[in-house]
Amino acid sequence: EAAREVAADGWLVAELSSFQLKGTQHFRPRIACLLNIAETHLDYHGSMADYIQSKQKLFANQTAEDIAVYNADDPQCCRAVADIQARKLPFSLVSELAAGVFVSPPYASVKPHEDEQDTETRWIVFRGFDGREQRIIRTDELGIPGRHNTANALAATAIALAAGADPALLADPLRTFRGVEHRLEYVGVFDGVHFYNDSKATNPMATTMSVLSLPSPLILIAGGLDRGSDYMELLPIFRMRLKGLVALG
């Protein structure tokens with residue numbers, strides 16, 4: 001309905017799942033963004049190869065006039081965009097890119113280490129294709145916690161800039177955006193315990209990022225549908241960060 005009603009100069013922002021992309025033939029986004037590729041939805045796709053191929057349909061019909069925003073820290077994302085026609089605008093937490101949106105100075109790793117005390121002042125920086133740089137906002141000013149949310153902010157910044165936004169106007173929305181329901185959503189404090197609802201963390205990678213985003217000691221309430229993922233990668237994180245685990249099944 002929105003596609004039928006939008007004006008010629010309007011933008012449509014659409015989130016497409018791998019399920020939807022798998023069946024596309026002519027879909028051509030002017031700006032396409034791939035945040036990450038992790039093992040998930042294998043109960044539907046049957047294999048990682050099919051899942052990745054479905055994700056790559058995002059770029060299949062793009063031309064040199066279009067822009068592909070992607071996570072330069074994710075090897076699978078880098079492989080997915082290796083042969084595309086679109087102009088590439090990467091983002092990174094750990095590298096100062098020749099052109100793209102990145103954190104400066106960069107983080108040492110995508111995931112924070114156990115009880116890491118990061119006191120350094122870091123900026124989100126845009127470096128254009130002409131090599132000119134512009135600071136957007138300090139990372140400690142972002143409205144939602146977690147290094148993965150900083151990566152999300154990098155991606156959102158890159159998309160907005162690709163659409164022609166003024167870099168000087170991006171700091172305020174990045175500062176005031178407090179997230180959406182079910183994604184590290186602060187619920188409240190009860191008997192001195194702070195509760196967060198991160199029920200959108202439906203795979204091991206998302207759960208890992210959630211656990212690493214909040215200070216210890218943590219008690220994780222977990223459960224849901226088994227989609228065939230390998231949960232063993234969670235054990236080291238649980239040992240490091242959790243005080244307790246409530247498993248709902």
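Which residues are linked with Arg138 in a network of salt bridges? I find that Arg138, Asp140, Glu141, Asp172 and Arg175 are linked in this way, where a salt bridge is a side-chain nitrogen of Lys or Arg within 4 Å of a carboxyl oxygen of Asp or Glu.

Before going on, I note that this is a predicted model, in which local features need pLDDT of at least 70 and side-chain atom pairs count only at pLDDT 80 or more, while totals for chains, interfaces and linings use all residues. Residues are numbered from 1 along each chain as its sequence is written, and side-chain values use heavy atoms, with hydrogens and water left out.

**Entry 1: salt bridges**

My search of the whole structure gives 10 salt bridges. Arg138 is partly exposed because its relative accessible area is 30%, whereas Asp140 counts as exposed because its value is 56%.

I then turned to Asp66 and Arg28, which form a salt bridge with the closest N and O atoms 2.8 Å apart. This pair links distant parts of the chain, 38 residues apart: Asp66 sits in the loop between α4 (48-56) and β2, and Arg28 in the loop between α2 (18-22) and β1. The element names follow DSSP runs numbered from the N terminus, with helices (H or I) of at least four residues and strands (E) of at least two. Asp66 is buried, since its relative accessible area is 1%, while Arg28, at 27%, is partly exposed.

I also looked up Arg122 and Glu120, a salt bridge whose closest N and O atoms are 3.8 Å apart. Arg122 counts as buried because its relative accessibility is 8%, and Glu120, at 48%, counts as partly exposed.

**Entry 2: the open sheet**

I traced six strands that form an open sheet in the order β1-β2-β3-β4-β5-β6, with mixed pairing; two strands pair if DSSP finds at least two bridges between them. The edge strands, each pairing on one side only, are β1 (31-34) and β6 (133-138). From one strand to the next the twist averages 20 degrees, with axes taken as lines fitted to C-alpha atoms, for helices over the stretch in contact, and angles running from 0 to 180 degrees between N-to-C directions.

Strand β1 runs parallel to β2 (residues 67-71), and four bridges join them; Leu34 has Tyr70 of β2 as its bridge partner. Helix α6 (residues 147-162) packs on the sheet and touches β1, β2, β3 (87-92), β4 (100-104), β5 (123-127) and β6, its direction making about 145 degrees with that of β4. Contact here means heavy atoms within 4.5 Å.

Strand β4 is largely enclosed by the rest of the structure, because four of its five residues are buried. It pairs with β3 in the parallel sense over two bridges, and Phe91 has Val101 of β4 as its bridge partner. With β5, β4 runs antiparallel, joined by five bridges, and Gly100 stands opposite Arg127 in β5.

**Entry 3: helix α8**

How many of the 10 residues of helix α8 are buried? I find eight, so this helix (residues 204-213) is largely enclosed by the rest of the structure. Among the buried residues are Pro204, Met209, Val211 and Leu212. The buried residues of α8 pack against α6, β9, α9 (234-241) and β10 (242-247).

**Entry 4: hairpin and nonpolar patch**

Strands β7 and β8 form a hairpin with two residues between them, and Asp191 in the turn has a positive phi of about 50 degrees. The two strands run antiparallel with five bridges joining them, and Gly188 stands opposite Phe195 in β8.

I next looked up a nonpolar surface patch of about 770 Å², made by Val187, Phe190, Val193, Phe195, Ile219, Ile221, Val246 and Leu248. The elements giving two or more residues to this patch are β7 (185-190), β8 (193-197) and β9 (218-222). Ile221 lies in strand β9 and counts as exposed because its relative accessibility is 53%. For patches, residues need over 30% relative accessible area and no salt bridge, with like charges joined within 9 Å and nonpolar side chains (Val, Leu, Ile, Met, Phe, Trp, Tyr) within 5 Å; the areas come from the Shrake-Rupley method with a 1.4 Å probe, and for residues only the protein chains shown count as cover.

Terms used: Buried < 20%, exposed > 50% of the residue type's maximum accessible area, 1.4 Å probe, protein only.
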